[in-house]
Each structure stands twice: as structure tokens, then as C-alpha cells.
Amino acid sequence: MSFEVNIKLIPTQQVLSQTHHIKASKLDKTILETIEIFHGLLAEQRLEAASAPFGIFHGTVSEQEDGPLEICLPVNGTVKASEKIEVKQLPGGQAACVMTVGPETDFPAILGAYDAAVDWIQKNGHQAAESPREIWHSGPGDNPKMEIAWLFK
């Protein structure tokens, strides 16, 4: 599978954040439940998400390894954190981005998108600036759409 890499400027973002140590078997359920909790918090505060939710994979999530995975939801305005949800600023910058759709979003096919982004970064004389972001432009369904965004310096 061949993936196209596009370079984008990712803005600094205020996000709701919650970090989970989970194995692959609980990945989808944890993501969906966390995003639902985020939207509940925003509804209570009469706010809305600024853009699509995403995950930052700070480590490998598999049946043997449990990440961690930081789940984030960009938000504008003054947000009050809760006991389990952090509000923080994520740095922005140039990112190597790869869009995936349909079966490309499935594991292990999506690993090719991560590889394409990091290969572009290395081949062009840059270094990864932080862990990659997996942006969930749609929920699970017939035609899922996800984007890998890997900031570099």
C-alpha cells in the first residue's frame, strides 16, 4: 500500500486530555467511551469541540503492551477540568500527515501510514518532535477516515 504524505502546519491546541494504559482488545471501547465523556463535560459547560478527537500513542498498544494512549479533544473557550479530565495546551508545528480511509484504517494496514510519515521525516533530514497523533475524522463504520499527523523539527 502506498501512502501520500502531506506537510501541514498544526496549530497549538487547547485539548481535553485523558491518558489510558490499555491493551489492543480494549482500544476501540476506551476511545469511544472517553470521547463520550469529553462531549458530556463540554455539554455541561455549554461548549463544543473545536475539531476532531485524536489519540497520541506514547507507546505501543498491542495484546502485550499497554501504551500509554493519550486521548484528546480540541476545544475553544474557558473549560473547567474535572477530576479525571485534564485541560492542557498541546504544541503545534510542521507535521508529516497521511490520510487513511476504509480498510487502510484497520490494523495492521494503518501501520503503513505511520511508517510513511516517519520515513518522510527522516528522508528529508528532520527529526520527530513528539509522539504521533492519530486523528479520528469519523467514528467506526462503513467508511472510517483517520489521519496520522507526526510533528517534526
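Histidine 20 lies in strand β2 of this predicted model, where helices (H or I, at least four residues) and strands (E, at least two) are DSSP runs, numbered from the N terminus. At 16% relative accessibility, histidine 20 counts as buried, the term buried denoting under 20% relative accessible area, exposed over 50%, and partly exposed the range in between, for a 1.4 Å probe and protein chains only. The side chain of histidine 20 is joined to that of glutamine 18 by a polar contact of 3.0 Å, and a polar contact of 3.0 Å also links the side chains of histidine 20 and threonine 34. A polar contact is here a pair of N or O atoms within 3.5 Å; within protein, one must be able to donate a hydrogen and the other to accept it, and residues adjacent in sequence count only if both atoms are side-chain atoms. When residues up to four places away in sequence are not counted, histidine 20 touches Thr30, Thr34, Asp66, Pro68, Leu69 and Ile71, contact meaning heavy atoms within 4.5 Å.

Residues are numbered from 1 along each chain as its sequence is written, and side-chain values use heavy atoms, with hydrogens and water left out. Because the model is predicted, local features need pLDDT of at least 70 and side-chain atom pairs count only at pLDDT 80 or more, whereas totals for chains, interfaces and linings use all residues. The mean pLDDT (the predictor's confidence in each residue, from 0 to 100) of the protein is 94, and 99% of its residues reach 70 or more. Confidence in the protein is lowest in α1, at a mean of 95, and highest in β4, at 98.

Glutamate 70 is placed in strand β4 and is buried, with a relative accessible area of 4%. Its side chain makes a polar contact of 2.8 Å with that of histidine 58 and a polar contact of 2.7 Å with that of lysine 88. Apart from residues up to four places away in sequence, the residues touched by glutamate 70 are Ser17, Gln18, Thr19, Phe54, Gly55, Ile56, His58 and Lys88.

Phenylalanine 3 belongs to the segment before β1 (6–10) and is buried, with a relative accessible area of 14%. The C-alpha atoms of phenylalanine 3 and alanine 113 are separated by 6.2 Å, although these residues are 110 residues apart along the chain. With residues up to four places away in sequence not counted, phenylalanine 3 touches Val98, Met99, Thr100, Glu104, Ala109, Gly112, Ala113 and Ala116.

Most residues other than glycine have a negative phi, and most peptide bonds are trans. The peptide bond from glycine 67 to proline 68 is cis, with omega near 15 degrees, and proline 68 is located in the loop between β3 (54–57) and β4 (69–74). A cis peptide bond also joins phenylalanine 107 and proline 108, with omega about 10 degrees; proline 108 is found in the loop between β6 (93–101) and α2. Arginine 46, in the loop between α1 and β3, has a phi near 55 degrees, a positive value in a residue other than glycine, and counts as exposed at 77% relative accessibility.

Pockets were identified on a 1 Å grid over the protein atoms alone, a pocket being an open set of points where a 1.4 Å probe fits, with protein on both sides within 12 Å along at least five of seven lines, and lining residues having an atom within 4 Å of a point. Grid points are joined across faces, edges and corners, and a volume is the space filled by probe spheres set on the points. The largest pocket has a volume of about 890 Å³, and of the 30 residues that line it, the closest to its centre are Leu27, Asp28, Phe57, Glu134 and Met146. At least two residues of this lining are supplied by each of α1 (27–44), α2 (111–123), β7 (133–136) and β8 (145–151), the largest share, five residues, coming from α1. By class, the lining of the largest pocket has 17 nonpolar, eight polar and five charged residues, where Ala, Val, Leu, Ile, Met, Phe, Trp, Tyr, Cys and Pro count as nonpolar, Asp, Glu, Lys and Arg as charged, and the others, Gly among them, as polar.

The second largest pocket holds about 260 Å³ of space, and of its 19 lining residues, the closest to its centre are Ile10, Pro11, Gln13, Ser51 and Ile135. β1 gives the most to this lining, with three residues.
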